[in-house]
Amino acid sequence: MGDKLGQIKVTVIKGRRLVIRDFKTSDPYVVLKLGNQTAKTKVINSCLNPVWNEEFCFSISEPAEVLKLEVFDKDHFKADDKMGNAHLSLQPLVAAARLRTILGMASEGTTLRKVIPDKDNCLAIDSSISWVNGEVVQDVWLRLCDVESGDIELKIKLSHLSCVVPASTSYGYQ
């Protein structure tokens, strides 16, 4: 990793239309990875449209990395089933923050940049990067790959605030 840029706060808001991996439903959770940092949401039992509203903080360095996520179905007697994966380049977020810093101004709610779905991300729809409450914020819906259906909603905030950073060790999600 290069020079430290600051912190990002990733809020895993909710999922929709997740795939069935058990008999009639699934018990989903999300694993987020940024470089060697990993975080995991709680398991939501028997739900295909879960609401997590869990916030995680990660250190971000230059060059900006790719945020990766995987969704799993928690199983008790065998390995957890994969429910899809997605990725999002953080470079547009970092570039928008730099632009705001260089210009030295942005009124509340100013849209700094729009990001469209392409090969560098798994966006389900266009995403705006805005200046909100003194932070650069991106709201995203990510389409899950390698699966029949499913989307995950995230809110990503770039800041220089100190917060708890996930350990560089992996969680036992298998």
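1. Two strands are taken to pair if DSSP finds at least two bridges between them. In this predicted model, strand β1 (residues 4-16) and strand β4 pair in the antiparallel sense, and they do so over nine bridges. Within that pairing, Gly-6 has Ile-60 of β4 as its bridge partner.

2. Strand β4 itself, which spans residues 51-61, has eight of its 11 residues buried, so this strand is largely enclosed by the rest of the structure.

3. Of the contacts between residues at least 6 apart in sequence, 61% join residues at least 24 apart.

4. As to burial and surface, 49% of the 174 residues in the protein chain are buried, while the chain exposes about 8900 Å², of which carbon and sulfur atoms supply 53%.

5. The largest nonpolar core comprises 41 residues, and those with the most contacts inside it are Ile-8, Leu-69, Leu-142, Ile-152, Leu-154 and Ile-156. Setting aside residues up to four places away in sequence, Leu-142 touches a list of residues that includes Leu-69, Ile-152 and Leu-154; among the other residues that Leu-142 touches are Ala-86, His-87, Leu-88 and Cys-122.

6. Val-137 lies in strand β9 (residues 135-143) and counts as buried, because its relative accessibility is 5%, against a cut-off of under 20%. Leaving out residues up to four places away in sequence, Val-137 is in contact with Leu-93, Ser-128, Ile-129, Ser-130, Val-132, Lys-155, Ile-156 and Lys-157. The C-alpha atoms of Val-137 and Leu-158 are 6.5 Å apart in space, although the two residues are 21 residues apart in sequence.

7. A search of the whole structure accordingly reports zero disulfides. Cys-145 is partly exposed, because its relative accessible area is 26%, and a residue counts as buried under 20% and as exposed over 50%. Cys-122, for its part, is among the residues that Leu-142 touches.

Notes
Residues numbered from 1 in each chain as written. Predicted model: local features only at pLDDT ≥ 70, side-chain atom pairs only at ≥ 80, totals over all residues. Heavy atoms only, no water. Buried < 20%, exposed > 50% of the residue type's maximum accessible area, 1.4 Å probe, protein only. Contact = heavy atoms within 4.5 Å. Areas by Shrake-Rupley, 256 points an atom, 1.4 Å probe, with all protein chains shown as cover. Helix = DSSP H or I, 4+ residues; strand = E, 2+ residues; numbered from the N terminus. Disulfide = S-S within 2.5 Å. Core = buried A, V, L, I, M, F, W, Y, C linked by side-chain atoms within 4.5 Å.
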